[in-house]
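Visitor: I have a model open and would like to go through one part of it with you. Could we take it step by step?

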Amino acid sequence: MQKAIIFDMDGVIVDSEALHIEIKQAVLRRHGVEISIEECLPYIGRSSRDFFRDCLQKYKLSIGLEKLVAEKHQAFLRAVRGERKVMPIAGVINLIRYLRVQGYILAVASSSTMANIEYFLDQLAVRAEFSYLISGEKQEFSKPHPAIYQAALQALQLPPSQCLAIEDSLNGVVAAQRAGLACLAYYDRRYHKDSSTLAGADGIVSSMSQVDEILIEQIMRKKYAKM
């Protein structure tokens, strides 16, 4: 039976969450708004459009939403293609290659732009391992809405019971589960007070080295036996 693993990208494949927050803060600062890291954390996993839409309403900014989103995307790409090298999450490259050897189909379902997804996968030399890349910029709704995972399932042509998502945020976990998927959460203490914020996931790890076929199959059996 063919099975698939669907990866989020930021915070799961690449250690980029802190840079995303920094760039969002810088964009808003240029328009006279100072925003804390704590205000940004609930938006991990969601699109930049959602973040800036809420900021426009909260801070009564007159600038257009699309301009803010474009500023952020352009600044982020300049940073990562310039002096700000973004590293992979520890252990994830080995995990990706291990899962392919085990016969899983791999996909990415990320709220990031397709340009970001392709750039990072190319930089990490793992793009060829992924059969499908799904970007949130093509979706009407962002995580925690399940649209991006529904799109991934449609691309894979597999039912949820043959797939598992790997996420690092509450928004991502909720999106995966709303799509009917088993979800394994990667807990990064930099962005969560404790692992209880990811308690809705079907499994939680604090290191990618903890993930193997045995754990994946245990999670999937437990999740889908209830359905």
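Visitor: What should the twelve residues of α3 span at 1.5 Å a residue?
Guide: They should span 16 Å, and the end C-alpha atoms of α3 are 16 Å apart, which agrees; the expected span is 1.5 Å times one less than the number of residues, and helices are DSSP runs (H or I, at least four residues) numbered from the N terminus. This is a predicted model, in which local features need pLDDT of at least 70, side-chain atom pairs count only at pLDDT 80 or more, and totals for chains, interfaces and linings use all residues. Residues are numbered from 1 along each chain as its sequence is written, and side-chain values use heavy atoms, with hydrogens and water left out.

Visitor: Which residues in α3 are buried?
Guide: Ser48, Asp50, Phe51, Phe52, Cys55 and Leu56 are buried, meaning under 20% relative accessible area with a 1.4 Å probe and protein chains only.

Visitor: And what do they pack against?
Guide: The buried residues of α3 pack against α1, α2 (37–40) and α4 (65–81), where contact means heavy atoms within 4.5 Å.

Visitor: Which residues in α1 meet α3?
Guide: Lys24, Val27 and Leu28 do, and their partners in α3 are Ser48, Phe51, Phe52 and Cys55.

Visitor: Changing topic, how many disulfides are there?
Guide: A search of the whole structure finds zero, a disulfide being a pair of cysteine sulfur atoms within 2.5 Å. For cysteine 40, the nearest cysteine sulfur is that of cysteine 55, 7.1 Å away.

Visitor: Is cysteine 40 buried or exposed?
Guide: Cysteine 40 counts as buried, because its relative accessibility is 1%.

Key:
Helices (H or I, at least four residues) and strands (E, at least two) are DSSP runs, numbered from the N terminus. Buried means under 20% relative accessible area, exposed over 50%, partly exposed in between (1.4 Å probe, protein chains only).
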